[in-house]
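Hi,

Here is the structure I promised to pass on.

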Amino acid sequence: MAMASSSEMSGGCVSGSYVDPPSSWSYCAMAFEVADTDQKIEMAKELGSNLLKCACDQHAIHAIQKCIEFVPPHHIQFVYRSLCGKVKMLSSHTFGYHVIQKALEFCKDPQMKHAIVTEILESVNELSVDPYGNFVVQYIVEHGEPHERQIIVLKFDGRVMEMSHQKHSCKVIEKCLIHGSYMDRKRIIVEILCAAGGTTADHLLSMMVHEYANFVIQRMLEVALEWQVDVIVKLVRRHEAMLAKYPHGRDVIAQVDKVVNARAGLPGSVAPAPPQSP
């Protein structure tokens, strides 16, 4: 039996216009999973001429993701080169951010991956507040190198409080608290605790009842040093009646109860994740 051509394997979508019926792109994406290596390489080359347009198309995006995932990396260097200089734009695009995440996951060329990450780090403050870009930043925080997380946290200096109150960037701050080093966490937590110059704790109470910032406080309770946790616990206990009037305040109270119960070794309590040592 004659071997199917790359065009036949992909349903013809990669050799035509990038604006093809959704079913064609679904077939194309599936073809990258089942074709032999030579066919995958040929399909990738055909896809490459419309790469950036496809990266912004809700149907074609699946074919590019499968291309990056299933074609041997050294055969699709042109894909990564096409992304260079467009990383910020794609990271903040409804569909394009998926391509950037997939590239970060599967790119094996250190120099090429460094170039992609560098573009993200240069715009990390803008991307962190973006509805789609924040997912790319979160990916680097969770899966990137320690020095990349350090650069990100340093760029957040003086902006942590503002970011904690924003819908998208609060998730980035949470990820930094979870995956950051001892020093990364320290910078973030100290900035929050001392935001009012140490003269008042009103800003912490405001965070506890805020729809987004309360999650940052809850995460701090899980990873902060014991004395830092004590500051929050004592504050919550002192203002518990007021906090209980707010849905998010009640969530913080529940998290405090878990921490206190864990310290007491009560059955059913969940101990917070221990912070990393210096």
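Below is what turned up, helix by helix.

First, the ground rules: this is a predicted model, with local features needing pLDDT of at least 70 and side-chain atom pairs counting only at pLDDT 80 or more, while totals for chains, interfaces and linings use all residues. Residues are numbered from 1 along each chain as its sequence is written, and side-chain values use heavy atoms, leaving out hydrogens and water.

Helix 8 (residues 96-106) is largely enclosed by the rest of the structure, because 9 of its 11 residues are buried. Buried here means under 20% relative accessible area, exposed over 50%, and partly exposed in between (1.4 Å probe, protein chains only). Helices are DSSP runs of H or I, at least four residues, numbered from the N terminus. Among the buried residues of helix 8 are Tyr 97, Gln 101, Lys 102 and Phe 106. Their cover includes helix 5 (60-70), helix 9 (110-122) and helix 11 (133-143).

Lys 234 counts as exposed at 56% relative accessibility, whereas Gln 228 counts as buried at 3%. A polar atom of the Gln 228 side chain lies 2.9 Å from the backbone nitrogen of Leu 225. Leaving aside neighbours within four places in sequence, Gln 228 is in contact (heavy atoms within 4.5 Å) with Ile 189, Val 190 and Leu 193. As for Lys 234, its C-alpha is 9.6 Å from that of Val 256, 22 residues apart along the chain.

Finally, Met 30 sits in helix 2 (residues 22-34) and counts as partly exposed, at 44% relative accessibility.

Cheers

Definitions and conventions:
Helices (H or I, at least four residues) and strands (E, at least two) are DSSP runs, numbered from the N terminus. A polar contact is a pair of N or O atoms within 3.5 Å; within protein, one must be able to donate a hydrogen and the other to accept it, and residues adjacent in sequence count only if both atoms are side-chain atoms.
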